[in-house]
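The sequence and coordinates come first, and the discussion follows.

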Amino acid sequence: MLIAVCSLKSSPGVTTLAVALGARWPGPEVPVVVEADPAGGDLMTRFRLSSELTLVRLAASTRFRADQLAHHAQFLPDGLRVLPGPVQAEQARAALGLLATGASSPLRRAGDRADTAVIADCGRVDPDSPALSIIRSADAMLLVARPRDDELAHVALKLEAAQRWSQRPCFVLAGHGHRVGYVSNELRIPVMAHIPYDVKGAEALCGQGGSRSGPNRSALGRAAAKLALSLRGSLIASAPEASSQPLLASVGQPRQNGAGS
């Protein structure tokens, strides 16, 4: 399966969520996190990974095979496979532009394997993003936003178009702000998950936390595990037939008045 994680504004923690999902994936599929952010990647510097096996190297490959993604991946300290993106935005956009789209994409081919779950960090996305082809071919799109008025206003304006990017769009809140019920009511959409603001949990994902603050014990890790389990269950249940109904309901503009936090 292929899951795309993205946002419409700012940086609400898309990369952190993608890594958390991979670290807490319920299996039995082997998760591979791919940093496909057109703005450039963070994983290489965050984890001091090699600059040899990256998205650029994959894009430069002349032949795409279903197992090629795993061969290019590197390992985080906890054993999670990741394919980091280049730091520079120019290189990232060029690599994404070279990657084949649709069924011939190495991400899509890897996601078609029964033993693999590809989690693509697509960063902030707009209609001109070179990562949009990955989102369109994904089995599900996780659209991440902070539950704050400024970000939700942008989401309300773009959500109707964004839900057409994926056959299974899912809305995820991250961090402090309005409560889930308030956001769902104001935007008239279901919220699949709320990922808490958890600095220690994020540090644990980067190998900076102590043994007692590992991803499986943190609030972030627990929320990611619950989301991964729910998402996998939905994808497995819908596998025999193509999904024609998105998880997002009809989209409306947020009301100007009303309180909730």
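Is Arg-188 buried, partly exposed or exposed? With a relative accessible area of 48%, Arg-188 is partly exposed; buried stands for under 20% relative accessible area, exposed for over 50%, and partly exposed for values in between, using a 1.4 Å probe and protein chains only. The model is predicted, so local features need pLDDT of at least 70 and side-chain atom pairs count only at pLDDT 80 or more, while totals for chains, interfaces and linings use all residues. Residues are numbered from 1 along each chain as its sequence is written, and side-chain values use heavy atoms, with hydrogens and water left out.

Arg-188 lies in the loop between helix 9 (180–187) and strand 8 (193–195). Helices (H or I, at least four residues) and strands (E, at least two) are DSSP runs numbered from the N terminus. Phi of Arg-188 is positive, near 60°, in a residue other than glycine.

Arg-48 also has a positive phi, about 55°, although it is not a glycine. Its loop runs between helix 2 (43–46) and helix 3 (55–60), and Arg-48 counts as exposed at 79% relative accessibility.

A cis peptide bond joins Gly-27 and Pro-28, with omega about 10°. Pro-28 belongs to the loop between helix 1 (14–23) and strand 2 (30–35).

Asp-198 sits in the loop between strand 8 and helix 10 (199–205). Leaving aside neighbours within four places in sequence, Asp-198 is in contact (heavy atoms within 4.5 Å) with Ser-218, Ala-219 and Leu-220. Asp-198 is buried yet has no salt bridge, meaning a side-chain nitrogen of Lys or Arg within 4 Å of a carboxyl oxygen of Asp or Glu. The nearest side chain of opposite charge, Arg-222, is 6.7 Å away; Lys and Arg count as positive and Asp and Glu as negative, with His and the chain ends not counted.
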